[in-house]
Amino acid sequence: MDALLHAVKAASDPTRLRILVVLASSELSVGQICTVLGQSQPRVSRHLKILADAGLLDRHAEGTSAYYRRARGGLGRQVYDALVELIDPHDRVIEADSERLSAVRAERAHRAAEYFEEVAGRWDELRERHVADWYVEQAMMRAVADIEIADLLDIGTGTGRMLELFAGRIQRGLGIDASQKMLTVARSRLSGSGIVNCAVRPGDAHDLGVGREAFDVALIHHVLHFLDEPARAVAQAADALRPGGRLLIVDFAPHQLEALRIEDAHVWLGFDDHEVSTWCSESGLDQRETVHLVPTEAQGTDALTVTLWVAERPGDHTIDDLAL
Ligand SMILES: C[S@@+](CC[C@H](N)C(=O)[O-])C[C@H]1O[C@@H](n2cnc3c(N)ncnc32)[C@H](O)[C@@H]1O
């Protein structure tokens, strides 16, 4: 009861309610939150502290920067979700915040796009920095070893490594990516490897436009931490799956390498199992397995744990299934 009252009291202020709405789908720095709210840093910092102390927000700090996001779990998260659900998205103030938030996100997306245009040629080497490719790739292949794959969708395909890996296991593969440079590298990789059953095309993970129930497997491999709205990307992927289809998400477990935001355009410092499985279940998927791939000592102290989350779209029910 005390914790509930603390959380509800903390939220009972107009600016703090606006903050909850703003952080419902983004992790933002204090500076970015100030830009969205149009308020000074000392004021905003005080509101953020009250919300974080009450368990409604999680805070990450490194050096002089602090980032805030919606609480990952617990009572604070329940109160958060319940309150945000009640706030009218067409309220004038909320709409104005949302416009400024879009501008902050556009700026961030622009930086990420520039980053990928720049690293496209070196991406295969960069990807290995955390966990050896073969280790992750073996776990992914195992996760779909028991199913036939006619159509596979690789969301954020980058240089097309996943298509190359799965090409021999599938009838058709489609890779989607927002970066033209990455797509150029992917096309040359696929033709260089003589892969004719896979193609790539431009697209946005937040709005796939690939049709519903068109794929047996969808992959999101090291992409979610670059996205503004990872939950929306998971929902889009889930919609693209046929009944019985599988979604494989590979990304970092929660970490503290703040420098990755600046150097490598990361938006999120990893994801925990609870939040990914919540996004999956909210998208109508059943969680099948979670595999944590821990780096070896040889990879150094900055290497991160990578997680594979496997979820499945429930299959069609037959009349026999329903007969008790
Ligand atoms: C870190 S790379 C991973 C590429 C590939 N999945 C792999 O693991 O090698 C992330 C990719 O996601 C793409 N990306 C970022 N935001 C995207 C978006 N909103 N929609 C589609 N692709 C996006 C980038 O262009 C980049 O190629």
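A residue is called buried when its relative accessible area is under 20%, exposed when it is over 50%, and partly exposed in between, computed with a 1.4 Å probe and with protein chains only. By this rule, both Tyr-115 and Phe-116 are buried. The structure is a predicted model, in which local features need pLDDT of at least 70 and side-chain atom pairs count only at pLDDT 80 or more, while totals for chains, interfaces and linings use all residues. Residues are numbered from 1 along each chain as its sequence is written, and side-chain values use heavy atoms, with hydrogens and water left out.

Rings of Phe, Tyr and Trp (its six-membered ring) pair if their centres lie within 6.5 Å; planes under 30 degrees apart are stacked, over 60 edge-to-face, and the rest tilted. The whole structure holds six such pairs. One of them joins Tyr-115 to Phe-116 edge-to-face, with 5.1 Å centre to centre and 70° between the planes. Tyr-115 also forms a stacked pair with Phe-226, at 6.5 Å and 25°.

Attention now turns to the ligand.

Several polar contacts (pairs of N or O atoms within 3.5 Å) can be followed here. A side-chain N or O atom of Asp-177 is 2.6 Å from a ligand oxygen, and a polar side-chain atom of His-221 lies 2.4 Å from an oxygen atom of the ligand. Ala-205 instead uses a backbone N or O atom, 2.8 Å from a ligand nitrogen.

Methods: A polar contact is a pair of N or O atoms within 3.5 Å; within protein, one must be able to donate a hydrogen and the other to accept it, and residues adjacent in sequence count only if both atoms are side-chain atoms.
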